[in-house]
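Please look at the sequence and the model below before reading on.

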Amino acid sequence: MEQWTEFFRVCGVAVLCAVVLCIFGKHFGALSAALRIGGAVLMFGMVAALLSEGIEELRGVLSFGEGTAQTFSLMIKALGVAFVSKFCAEVCRDCGENTLAGGVESAGKIAMISLCLPLLLEILSRASEILDMGV
């Protein structure tokens with residue numbers, strides 16, 4: 001599964017937790033603390049899985065230079081992740097769930113980094129080649 005689709009699942013979990021906490025948080029104080037902790041743990045696990053998928057994908061990258069189309073695709077995906085994470089975090093903040101909002105923002109940053117790692121490796125590889133030619 002691609003990183004950005006997994007990121008959208010993290011956002012869905014965060015919004016669901018925020019809505020449930022808005023509904024039940026005022027009436028059941030002890031339950032709201034358990035829901036916050038459970039939501040945070042679930043999101044952390046999902047983010048860890050997202051990061052491990054990105055690392056596995058990096059291991060699978062054997063060739064570089066697929067061109068401008070790959071770069072443009074990465075830019076669009078990263079932009080989508082940025083917009084959705086900002087929107088989702090603001091929804092969580094509006095519900096008074098700053099912890100969940102921070103988790104969504106962190107997940108968005110990790111998703112964008114894992115999306116762009118193959119491109120960064122290509123840049124570093126080409127820079128290394130250029131430096132080796134100059135010696």
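A disulfide is counted here when a pair of cysteine sulfur atoms lies within 2.5 Å, and by this rule the count comes to zero disulfides. C88 is in no disulfide, since the nearest cysteine sulfur, that of C11, is 4.0 Å away. C95 is likewise in no disulfide, and its nearest cysteine sulfur, that of C22, is 3.3 Å away. In general, a disulfide is a covalent bond between the sulfur atoms of two cysteines.

This is a predicted model, in which local features need pLDDT of at least 70 and side-chain atom pairs count only at pLDDT 80 or more, while totals for chains, interfaces and linings use all residues. Residues are numbered from 1 along each chain as its sequence is written, and side-chain values use heavy atoms, with hydrogens and water left out.

A residue is called buried under 20% relative accessible area, exposed over 50%, and partly exposed in between (1.4 Å probe, protein chains only).

Where does S85 sit? S85 belongs to helix 3 (residues 68-94), and with 7% relative accessibility S85 counts as buried. If neighbours within four places in sequence are left aside, S85 is in contact (heavy atoms within 4.5 Å) with F7, V104 and G108.

A salt bridge is a side-chain nitrogen of Lys or Arg within 4 Å of a carboxyl oxygen of Asp or Glu, and a search of the whole structure finds four of them. One joins E90 to K86, with the closest N and O atoms 3.4 Å apart; these two residues are four apart in helix 3, about one helical turn. Another joins E105 to R93, with the closest N and O atoms 3.1 Å apart, and this pair links distant parts of the chain, as E105 is in helix 4 and R93 is in helix 3, twelve residues apart. K86, E90, R93 and E105 are linked in a network of salt bridges.
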